[in-house]
Structures are given as C-alpha cells and as structure tokens.
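Biologist: Please pick a single part of this structure and take me through it slowly. After that, I would like to know how the rest is put together around it.

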Amino acid sequence: MKRMLVAGFSACALLLAVAGAFRAGTAQERVSLSELAKDPNQWVMPSLDYAATRNSKLSEITTDNAKNLSVAWTMSTGATRGHEGQPLVVGDTLYFESAYPNHVFAVDLDDYHTKWEYTPKQDPFAVSVACCDLVNRGVAYGDGKIIVDALDGHVIALDAQTGRTVWISKNSDAEMGQTLTSAPLIVKNKVIVGVSGGEFGVRGFLTAYDLNTGKKAWRAYSEGPDSDLLIGADFTGPHNAGVSTWHGDQWRVGGGTTWGWYSYDPKLNLVYYGTGNPGTWNPSQRPGDNKWSMTIFARNPDTGMAKWAMQMTPHDAWDYDGVNEMILADINVNGSDVPALVHFDRNGFAYEVDRRTGKLLLAKKFDPAVNWATDIDVATGRPHVVADKTPKAGENVQGICPAAMGSKDQQPASFDPQSGYFIVPTNHNCMDYKAFAVKYKSGFPFVGATVKMYPGPGGNRGAVIAWDPSDGHIAWTDPERFPAWGGVLTTAGGVAFYGTMDGWFKAIDTKSGKLLWKFHTPSGIIGNPITYTHKGHQYVAILSGVGGWAALGLAAGLTNPTAGLGAVNAALDLSNYTQLGGDLVVFSLPQNS
Amino acid sequence: MRLLLTLAAATALGTVAAFTPGTAGATAGSANELRVCADPDYLPFSNRAGAGFENQIASYVARVLHERLVYTWDSSRGAGGFDQFLRETLDAKKCDVVTDVPYASDGILASNAYYVSSYVFVFPKRKHYDITSMDSPVLAHLKIGFETDTPAENGLKLRTLILHAVPFDSTDESKAPPATSEMLAALASGKIAVGVTWEPAIGMYLRAMPQFDVVAVPNSRSQGSPEQYAFPMAMAARSGDTVTKAKLDRVIAQHRAELTRILARNGVRLYAPSDAAAGL
C-alpha cells in the first residue's frame, strides 16, 4: 500500500490511466454513468442514481431473512472525525473517503486488500474554519476517475485503477473561511462541486469542472446580478432578485453556500440543489428576502444557466439551510401523476414540487413539533411565520422548533417505489435563543446570540419516519434517542437500513417501520448505507464514525452546553453510548444459507 | 451554518460604574490563596512567566488581599474556546478567579467592571487617513485587517468592506505564540493598510511602535441596528460564588486607580463608560 500525495503526478498519470485495464472495467468505461447506475450490483454514484433515490433493486435480503444478517468484513478508515458519506462500488472495487484528513481507499472486494490509498495535502487552516466537525460525504466516479473533495477546497481527480492524480483544481479558499465537505456529482463531462462555510461573508456558488481536465466550466453564484447567478431569459423567476432583495450591496456577502447533495434529471437536463443561510447572522441587519439563499435551484448542467428557483425560507432568522437532498420521483400528488422533486427541508416542511417548472404542489410539516411557521402558502411558497418563534435582536425567544440543525439536516432520505414511501431520517430538537449575551473569544469581547438546543416534545431527539407523498402525511414513526443523522437505504427486498448516533445499524420493514435486526457498530453512525453484490450475494455497507454537527461535542471535545451553536447540550450524554473512530462495516446473509 | 454569532446590541452600561461595596466576610477557596486560571502562552494577556497584563492584575489583587497567588494554566484557545476553558477550569473548581472577562458574561459571576476599552482602527500615522468610524469613506479603498469572530468582522461584513479585508485569528493555537501582534506586523510590512482589533490585544506592542495611530471604533446604529465596539471588562468568579465576587468588588472599589495604572503601563487604553455608550 502506497500513499499517493498530491505533488509529483501530472501528465504521465493520464497516459498510465489509459493503459490500465481492470476486470469489468474496460467494458464499463464504454457505457455512460447513467447506464452504469442502472446495474443494481454496483453503487456508482453517491446517492445511487441521478434521482437520488437511494433505492436498490437488490432483493436477496428480505423482511424474512434480515434477522440473519451478520458482519461480512470490516476495515478501519484511519480517521476519527465524522463520517457522513458512503462508499462507492464500481466493478469489483469499493471506494471510500474518510473524514478529514480525507484518506481515500480503493479496496479489492475479492480479498479486501487495498489497491491504492490517497491522502491529499491540505491547508490546515481549513480545520479551524470548518463549522461543524471535519466531515466528508464521499467520492464520485466517472470515466475511470474517482473525484475527491478535500476539506481545504481542492477537487482532485484520481485514476480509479491506480490512484494516481489526473488533475487538481482549487474550488475555494480556506483562508476565506470556505471548506468543502460535500460529495461531487458527475453529469456528462462535468463535475458539479459545491462549497461549505462561506464565512467572512463570501457568496455561495456551485461550480462545474471539466471531467477530463479539471478546468472550470462555469460558476453560478447564489446572490448578485443575474449575470453572476447565470440567470438568463429562460429563467422563470423574478429577475435581478439576487440584488433587489438585499439592502444596498449586502448581496456581495450574501452567503447561500451549496454544501448538500445534487441530483439530475437527464430527460429535462436539469441539475437540482439547494442553497444555505444568508451571510449575516443578525436578520435585522439584512432586511429583505435575501434571495437566493435558502432556495431550490434547477440549472442546465452544460451551461449552468438557471431554469427555475424557489426560495423556501425568505429572510432566514433560524439558520434553516436549504441544502438537503432533492429526490426526483414520479409520484401521485393530490390525485395527479407528476414528475416531482421531493425535498425535506431543515425548516421542517416537506416540499413536493413539479420539477419541470418549480411549481409547488404540496408543502406540509414532516414533524408535528414544527412551530416557526404555521404553514406554507402553496401558491407563493412563502411560509406563514410565527412572530413569537422568530429570533430577533433584543429579544430572548424560547421553544423554537426545530432547532437550528433543523427537522432534518444533510442526512439523505430514500424513496421506495414499492411502498410509495419516502423513508426520512429526522431530528427532533428545539432551541432557546438568547439575543443579548456578551461573549468572549479569548481576549476579544463581542455581543452574540446564545443558542441552546434540547430534545423536542416527547423527549426523543430524532426519528425515522415514512412519508406518504400522495397527500403529505406521516405513515409511521420510529423514534430515536439521538437525531437520526445517518441516511437511509431502501431495497426491493422490502427492507430499509439506517444507522444511529448511538452506534446501532438497523434493518426495518419499509412498510411498517418494524425493527427486523440491529447490530452495534464500533462507533455511532452518521453515514449512509449502500448495497451491492459480489459473487452473486448482496452486501450492505455503512461507514461507522460519529461526529458531525449533532455530535460536535464528542467530536471536538466540547462540554459547554451552548457550544457548537447550541448543539452540544443536545448530545451531552452521547459518550455514554459511543466513542469516535471511523470504520467501514459490511453485512451479508450467511453465505451457506 | 456559521462561525460567528455576533449580534451587535447594547448592554446595560449604566450599571458599570455602580460599585457595590463588598461586605467583609470569609474568603473562598483555601485560606490565604488567590487561585487564578490563565492561559500560559497568550501574550499580551497572560503567560507562564507573568508578563501579561492579566498576570500583573492578578499579582496586584493577591497582594492587596494578602493572599498567595496560585495559578492553574490552561489554554483558552483550544476547541470550544474560552467557554470550554471556563468549563474546565473555573467551573471545575481548579481556580476561583479569572481576571479578564466581559462584564455581563453568561455562565460566570462577574465582578463589577474595572475598565472599559474598545475596538480600534490602527494605521500608520504618516498616512493621515481620515478614519473616525466604520462608515468613513476612505475605508472603501483600503485593505483592512480584522480579527475573526469579533464585532470588527460583523461591522465589515455589514458594509461589504470585508470583500477587501484580511482575516487574522489571534487565538489560532496552531501558530507559534506571538512575539508581537500578527496584525501589527502585517501593518508594518504593508500587507494591510489598516487594522481593526481590540485595543488591549495590541496595546502592549504599540508602545514600541509609535508609528501607528489608534482611533476607537465608535458604537454605531448607522446600519439600522446597534453595533457595539466598546466593552466594560470585569473579573470572573464561579457562578454562585458570591463570596469571591464580593472580595473582587472590594478590591476594585478600593484600588481602581492602581488597577488603571497597571493597565496603562501595559498599553491598555481606557475609554470612559460615557465613551462606550456614545452612539448607542
């Protein structure tokens, strides 16, 4: 095993890449990524497919035999911080990226030896500006390359067979408070990359790089003039709103980062993603809707041009970033079949949108505790905000639900067409907001807000729910002690899988939510399960390794209840259940059964 | 998600000057010991050698109380920052006093304030910049250094001046302890044209760098909501430790002039409470 560092590889790597051939590899390179994603035996995209369903057609594991699942193989990731991603399986190789320092491994599924390992050289300043643990959400695969996002903002293409560096691009600047934690999405010959952090008031953006060269193809900002937002005549929303909904030129520091998941509809040729909170914390200091923060965007991946945009939380005061995954599903909503985009937002509302036009069809609470708004006006998409639950300068506000980490954060849901349900991992914390606290950064006083998070009504801090999209109701709820900060996998065997922050990996009946099996992994789980086959048998893999915002106290050694933007209080007892440490854990049925 | 939770707002500055004469009584902790927690490596505030202004304040308080000064050292700049420092030191009863916290801080029992200082603009005198507030037009054309996660960052952000500004983080533990202020070094080398920082963080070094002008950043409402740049500073006792607070308040009431002299000797400039309230 040889550690490949960034320096020293350039054009020669390209030549070597062409010469190599791995089993099933050359055949795969001829088919497009969308064709490759149709093979249920592999898992070639972070969210399984362009529609981000995380629904596998594999069915060896069923509701009847899931109780027999056992560990097939495991591997340490060599990193201890939060593992929010998932492996890929391409051919007979499993790839995964660890939390910072972002080790990348290619593992042979025949004998589990490491074909190659790669760790990027990074600017350590990124560690100090990452807001919510040093997480990573996985690599992408395309055209024989593994695309790696590094925390310090570098995007790196590696030869999938050798691990050699093909190209490196710098997407963002850690010195400006920007980091990179999301998983890229490859669409045709473009690598779609977001940005995290965006502190010091920088505008968020989405960028496309040429898959072959790493050259920047386009960059679309979240705020500013239409030319910066890549908004043209085709855009169906208001023009110049990226400037006109801001006071003065505050759009220049508008925030709206893009650190979530990206999906794609090949037929409509549109990429979908969400933007995060506006740049300045104090809402009274940035009057206006602050478009296009907190927004679902649809863009042409070839040009970056925006087709439509829908802002969910205008003039955000709660930190309800709109970056959660956009699941594309053809479903029946209110009696009509529609190509929909379904999005479970941090603000606690599920949005069901016609993905062709951005027209909102249905928006309902997916946690009854949500109280910052009574409902969403479906005609305009605007929330009816409850003034008593709105943080504002000069007032202390108690009992805001959800807390800033939302009714759901980045942990991706799954759409199961068999049951018709979306299986959604959710958070169930509320918060108090104290506006007037004098605070201290060793040596430097300031006036800040103190946020304290705590369990919502019922005392559970999370739940996995089944969402029936036809009329927007919760079909069943499995409460969890901690926020359900890991993603969900559904399968054609009728079994759904997810992990918990206290370390359990669970198989449940998708239809009923009934627990079928569980296993306690080495660390808490905030990663997303995948499934694949090898030599004719189905495997389910999960990255175990607690951390992330919800477990920031444990990950960063914080015990002050209001630290971690108030999140530490909500998980002070996590160390009674688990400890840090990254491991890949893979399960299967006993092979002789 | 964000690092900074800064909200500019007014505090009850009127109470700063209201001394509460301490009542005589038993002292907290071990008899005849003043147990202080401080950062061992964070000049100009404190260090193990006792060279920081906080060290000298602590020594003086111990002397007038006829108590032996006992330190517990812990970095206040690690993960979780100052709040975590307090939790692991003062809250954990490893000490009874921290000598420098903002008055009205949460999670501690603050003494009465013993000085008021301010965020300042600092720039070479020879440039004669016309800088009187965050709204001074010349700032639009200057490269501005700022300390991250402070009112300076928020004030620059509100005016979009941050787009041509350079971040500094004095609390970055990964860097070697400073021989001088990194921001002043950047000013001296021309990397930045003006810096915005908390005056006590640079005052000690400014005495050897007379080429710099210092102008207090006035509190402001110009952007529609209050921004606070001047802060009254106090000592901290543990929450509920009214005995230690009374002891500290007594020292502050009876020895304010000498405390002020110690600060001045270390280049910490004071701003009267009326200055601190100006503009709010």
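Modeller: Two residues are in contact if their C-beta atoms, placed from the backbone, lie within 7 Å. The model is a predicted one, and every value below is computed from it.

The part to look at is D226(A). This residue is found in helix α5 of chain A, which covers residues 226-229. Leaving aside residues up to four places away in sequence, D226(A) touches I231(A), H239(A), N240(A) and G242(A). Is D226(A) buried or exposed, or partly exposed? A residue is buried with 20 or more other C-beta atoms within 10 Å of its own, and exposed with 12 or fewer. D226(A) has 16 C-beta neighbours inside 10 Å, so it counts as partly exposed.

Chain A has 7 helices and 39 strands. Its radius of gyration is 22 Å, close to the 25 Å that the globule rule gives for 593 residues, so chain A is as compact as a globular protein of that length. Taken along the principal axes, the box filled by its C-alpha atoms is roughly 65 × 55 × 50 Å. Of the 593 residues of chain A, 64% count as buried. Among contacts in chain A with a separation of 6 or more, 62% are between residues 24 or more positions apart.

One of the sheets of chain A can be described strand by strand. Its 4 strands form an open, antiparallel sheet in the order β27-β28-β31-β32. β27 (414-416) and β32 (473-480) of chain A stand at the edges with a single partner strand each, so one side of each has no neighbour in the sheet. On average, neighbouring strands here are turned by 25 degrees against each other, direction ignored. β27(A) and β28(A), which covers residues 421-427, pair in the antiparallel sense over 3 bridges. Within this region, F422(A) in β28(A) is the bridge partner of F415(A).

Chain A also meets chain B. Which residues take part, by number? 50 residues of chain B are in contact with 44 residues of chain A. On the chain B side, the elements that give two or more residues are α2 (81-88), β5 (97-102) and α3 (151-158). α2(B) gives the most, with 5 residues. By class, this side of chain B has 22 nonpolar, 16 polar and 12 charged residues.

The buried ones include G81(B), F82(B), F85(B) and E88(B). The buried residues of α2(B) pack against β29 (429-441) of chain A, together with β5 of chain B.

Chain B itself is assigned two parts: domain 1 (13-115 + 233-268) and domain 2 (116-216). Over C-alpha atoms, 27 Å separate the centres of these domains of chain B. Their contact takes 15 residues from domain 1 of chain B and 14 residues from domain 2 of chain B. The domain 1 side has 8 nonpolar, 5 polar and 2 charged residues.

How values were computed: Residues numbered from 1 in each chain as written. Chains lettered and ligands numbered in written order. Predicted model: local features only at pLDDT ≥ 70, side-chain atom pairs only at ≥ 80, totals over all residues. Rg over C-alpha atoms; globule rule 2.2 N^0.38 Å. Nonpolar A, V, L, I, M, F, W, Y, C, P; charged D, E, K, R; others polar. Domains from an automatic or database assignment. Pairing = 2+ DSSP bridges. Axes fitted to C-alpha atoms, helices over the stretch in contact; angles between N-to-C directions.
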